[in-house]
Amino acid sequence: MSNQKKRNFQIEAFKHRVVVDPKYADKTWKILEHAINEIYNHNASGLSFEELYRNAYNMVLHKFGEKLYSGLVTTMNFHLKEISKFIDAAQGDSFLEELNRKWNDHNKALQMIRDILMYMDRTYIPSAHKTPVHELGLNLWRDNIIHSHKIQTRLLNTLLDSILRERTCDVINRGLMRNIIKMLMDLGSLVYQEDFEKPFLEVSSEFYRGESQKFIECCDCGDYLKKAERRLNEEMERVTHYLDTKSETKLTAVVEKEMIANHMLRLVHMENSGLVNMLLDDKYEDLGRMYNLFRRVPNGLSTIRDVMTSHLRETGKQLVTDPERLKDPVEFVQRLLDEKDKYDNIISSAFNNDRTFQNALNSSFEYFINLNARSPEFISLFVDDKLRKGLKGVSEEDVEVLLDKVMMLFRYLQEKDVFEKYYKQHLAKRLLSGKTVSDDAERSLIVKLKTECGYQFTSKLEGMFTDMKTSQDTMHGFYSSHPELGDGPTLVVQVLTTGSWPTQPGVTCNLPAEMSALCDKFRSYYLGTHTGRRLSWQTNMGTADIKATFGKSQRHELNVSTYQMCVLMLFNNADRLTYKEIEQATGIPAPDLKRCLQSMACVKGKNVLRKEPMSKDIGEDDAFIVNEKFSSKFYKVKIGTVVAQKESEPEKQETRQRVEEDRKPQIEAAIVRIMKSRKVLDHNNIITEVTKQLQSRFLANPTEIKKRIESLIERDFLERDLSDRKIWKVEICLLLCKKDRCYLDFVSALPVSVILILDNCYSLIFGPCGSSSASQASRDRQRKYLDLGYWGWTWHVVVVKDSGIHLVCGCIRRVLKSMSLCNWPLEFRPPLPSSPMPWIRLCAYLFMQFRILASIVP
């Protein structure tokens, strides 16, 4: 096989010329034309599609494609004009049915014609840039049927009339409508839009414009919104059934504009049924419907939000400024909580938890809560009431919910430091009287405050709990060392660290002899156990339990204040005492004594004393005797002191002054911190920075900031720029000691945030460089060097400028050899930030050795 020669075959054209019959094209077209006519006349069953396809194929093959294509156009135009006459002749509802039937017939005919002329579609039409057969059929239908002058107007009117009838609750043939609309869509998007969609939208706009005007004149806001919602849903349903899906956005926009956007303001302000009435009447369903509809139009939600904010601010302003509602602080705060709960429910259930609405709610509450300067006090009183008695029998979960609500109101306060003052006072009274419902609830609230405001905000509050625990251990040790006191009166002392507890006026009274002896023994025990401390008795804060016998057999145990105990004990040695005799014997201040006697002689059911003459007020000429007829169904009787729940006006002014004084060093510290980092800053920017830095505690007054700046300039901490007096420069500060606060700035070695605070020489609190885990022995050593007040020394301001540092370094060099606190070399090197204590001790040592009483300057 391999040795055989390969043979090559070649195909050659016919040697003779093929001659085509000149009448071939006409004959063949007559056959195809007859077939097309039969197809339109529904007689296609007798046709041979194979033969027809071959004829069309041969015509194209023999270069008669143009004749075939033009003949097809002519024939189809003829039939479509005839169809147009049939459609136009249809009357009434049969018009759309006839149009749909003829359209279906045309599509079937077009499919068969395209199959016959498939070869022309593939070869001739692309090369000659003609329209394909199927698309040609659609174009001819459009031009001869849809754009026919008679049919075009009639078709549009019929479609619009059918939709109008459906809008007016009539039933139409949706299937037929769907077919007609689909026909327009099949003819091209431009046909659908120009011949139907655009006029349809115009008619819809006019329809809903009139309907909305009619509805708004006869319906209230809620009913109108229901009708608008129903119409909107109907139009979306209409699109689903027979319109183009792309029309939904345009159609709903028409409904939204005519029924919602054009009447938006009138709806929200509608008398007796608008947004405000919905809010007042808790119409959550109507509010939710308004939210869902208004969110669809521009500025819809902002309109609702603005009206809600305006209403909320107005009602909140009335709530916090109404004198009648300010009489009961607990009810005042409860109303705020109820109002907040109400609007939280509205936002969650009706406004889809919209964040912008929540922000508007928060800003509104912050606005009107701070209109009342006593809001911090009232919130603290509310907490005091709940933690005293209001949480009895309440589950832990409900307690946490209530505390979270209180913290929510606390966040709105601009003067959080005022709340701290009052809360500290109320907490102290609860702890000292043992009236707190739950220690866990107390500590939970302190943890929440700590999380919200930081450690400095709650450090002293936590110190109060520490003192209560330490006092229990102290009393246990006292009675262990004095076993002979077991049979006599029992003394329970709470030793309070001065810096942690609210400052109280140093008022003393004359205790009964037996109690005075016990107090002296405790003082000796305590001072013998703890060195370097002082005790001062706060008799106005104590309580006592006294066993008393009235008449012959009425025995009761009376729970009274220390002042009341001192008064009652006088009647062991006297049957009758005048007011002046009681005042002289006890030494109790007159206002406190009058309240004390009033609570024991003028309160029904608690009147263990009788007053002569009988009246509600205590006079200096009154006389008092024991009420032998006193009786109670309880063995233990608590006799409270008549006292106002809220502060009096002088007390309020005093508290405000203390708050303002406490703010001054905080403002100064903020200024120094800012200037330390910025070096140079203009006046407006420093006001802004200080306000921003302190806003977590209080809203700083620009006037007060300016005064603090002037004070720092006077003490050479800042200086004005010589070229621009509105620009401040910082002087490098080494040490600032003022009264019982000490701010340390280690030039550039430590940040200004390292702050040492001495609270009456006992409580020591460090900034980030301090050691919070120091041992007790270490703390004692710190007090040894820092407790200058104990030795009668006073703190003075020491300011060191750049060149003045050398003077301090000179002092340090002179004393370094005599100090055993550290092992620094002779040349001064500042301590590392991780170890600030040697520097602190060195500063204290310099104070004690050299008695630096003036500013060290170059």
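In this predicted model, Arg610 stands opposite Ile625 of strand E5, a pair that belongs to the contact between strand E4 (residues 609-612) and E5, where 4 bridges join two strands that run antiparallel. Strand E5 (residues 623-626) also pairs with strand E3 (residues 576-578), again in the antiparallel sense and over 3 bridges, and here Thr578 has Ala623 as its bridge partner in E5.

A further set of strands, E1, E2 and E6, forms an open sheet in the order E1-E2-E6 with mixed pairing. Strand E1 (543-550) and strand E6 (636-638) are the edge strands, each of them pairing on one side only, and neighbouring strands of this sheet are turned against each other by 30 degrees on average, direction ignored. Strand E2 (residues 554-561) and E6 run parallel and are joined by 3 bridges, with Leu558 standing opposite Val637 in E6. Helix H24 (residues 562-570) lies across E1 and E2, and its direction makes an angle of about 135 degrees with E2.

| Strand pair | Sense | Bridges |
|---|---|---|
| E3 and E5 | antiparallel | 3 bridges |
| E4 and E5 | antiparallel | 4 bridges |
| E2 and E6 | parallel | 3 bridges |

Turning to the helices, the axes of helix H20 (residues 416-433) and helix H21 (residues 439-453) come within 13 Å and cross at roughly 160 degrees. Because angles over 145 degrees count as roughly antiparallel, H20 is described as roughly antiparallel to H21, and the crossing of the two helices is left-handed. On the H20 side, the contact is formed by Lys416, Phe419, Tyr423, Leu427 and Arg430, which meet Glu442, Leu445, Ile446, Leu449 and Cys453 in H21. Sorted by class, this contact of H20 with H21 holds 7 nonpolar and 3 charged residues, and no polar ones.

When its neighbours within four places in sequence are left aside, Gln152 is in contact with Ile146, His147 and Asp195. Gln152 and Phe196 are 44 residues apart in sequence, while the distance between them in space, from C-alpha to C-alpha, is 9.9 Å.

How values were computed. Residues numbered from 1 in each chain as written. Predicted model: local features only at pLDDT ≥ 70, side-chain atom pairs only at ≥ 80, totals over all residues. Heavy atoms only, no water. Axes fitted to C-alpha atoms, helices over the stretch in contact; angles between N-to-C directions. Parallel < 35°, antiparallel > 145°, perpendicular 65-115°, else oblique. Left-handed = near helix turned anticlockwise from the far one by under 90°. Contact = heavy atoms within 4.5 Å. Nonpolar A, V, L, I, M, F, W, Y, C, P; charged D, E, K, R; others polar. Pairing = 2+ DSSP bridges.
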